[in-house]
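Colleague: Could you take one part of this model and go through it closely? I would like the start of the chain, and what it connects to.

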Amino acid sequence: MPPAIIDAHAHLDMPPFNRDRNEAIARAREAGVTAIINVGINLKSSEDAIVLAQTNRDVFAAVGFHPHEATSVNQRDIKKLADLARQARVVAIGEIGLDYYRNQSPHEAQHRALRWQLEVAADSGLPVVIHCRQSENDMVATLKKWASFTKPPDDGIRGVIHCFSGSLETARQYIDMGFYISLGAYIGYPTSTSSHRIINDIPMNRILIETDSPFLPPQSRRGQRNEPSYLPVTAATLASIKRAHLELVAQETTANARRVFRLP
Ligand SMILES: [Zn+2]
């Protein structure tokens, strides 16, 4: 039996899985993936995520508007999002954030959508799943401000920084605010070797692993669709970076994911 692990971030609702969604979930289970957090990027995909979560015992949903979608997000959408957040099997608000790399929405619109959704998260008591690309300074500042204005949850857990690739200093600031750091298969890309020292210094009790399926496949499958059953590759990469036993990495990241998303 492969060790139990949790995929903290996947998009199984997306079209690349239309052909074999159920098979992909079954393959994940066989690979030891005991839970998958399926993350929404807009209203439709958030609704689809909820359906997936309510019909598959291993899937849980996050609901939110991706920064790429920020321009079109209005107050009515946010009201609908708040309704979705109350549905069964919804464990987080996300993915939300800032993306200055693709810049598919103006920064002002991205900040507005992020602010509104952080309010939804605070009201609902759910953790957030943060997307941050080339926008670290603004993200840290925004989250600090948010954290200072909102009552922290009893367990102090604010959410997850998805697809983290920042500096150690940034990671520490996130962790101090109550965030967990989620890492994907990109940590095994040849171009990521320089980040291994940073990853090694991030405490194991704050790390999650994710696939971001269908994106960012492991190095051996570059150019192909990623899927949750490939998550063991990332667990193994993390174990080698940390010079730790795979079983320990599996145990710790699983316990962390259960804690952040308050899984049953
Ligand atoms: Zn994502």
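Modeller: Two strands count as paired if DSSP finds at least two bridges between them. Keep in mind that this is a predicted model. Strand E1 (residues 5-10) and strand E2 (residues 33-39) run parallel and are joined by four bridges. Within this pairing, aspartate 7 sits opposite isoleucine 36 in E2. To get from E1 to E2 the chain passes through helix H1 (residues 21-30), and this β-α-β crossover is right-handed. E1 is mostly covered, with six of its six residues buried.

Histidine 9 and histidine 11 are both buried, and both give their NE2 atoms to the zinc ion. Along the chain they follow the spacing H-x1-H-x83-E-x116-D. The angles among the four donor atoms run from 85 to 172 degrees, and the site is irregular. A tetrahedral site would need all angles between 85 and 135 degrees.

Further on comes aspartate 20, which forms a salt bridge with arginine 225, with 2.8 Å between the closest N and O atoms. Aspartate 20 is in the loop between E1 and H1 and arginine 225 in the loop between strand E8 (207-209) and helix H8 (231-242), so the pair ties together parts 205 residues apart in sequence. Aspartate 20 counts as buried because its relative accessibility is 9%, the limit being under 20%. Arginine 225 also forms a salt bridge with glutamate 227, at 2.9 Å between the closest N and O atoms. Glutamate 227 is buried, with a relative accessible area of 3%. Asp20, Arg225 and Glu227 belong to a network of salt bridges that also includes Arg27.

Technical notes
Residues numbered from 1 in each chain as written. Predicted model: local features only at pLDDT ≥ 70, side-chain atom pairs only at ≥ 80, totals over all residues. Heavy atoms only, no water. Donors = N, O, S within 2.8 Å, 3.2 Å for Na, K, Ca; no water. Tetrahedral: all angles 85-135°; square planar, octahedral: opposite > 155°, others 65-115°. Buried < 20%, exposed > 50% of the residue type's maximum accessible area, 1.4 Å probe, protein only. Helix = DSSP H or I, 4+ residues; strand = E, 2+ residues; numbered from the N terminus. Right-handed = clockwise from strand over helix to strand, strands pointing away. Salt bridge = Lys/Arg side-chain N within 4 Å of Asp/Glu carboxyl O.
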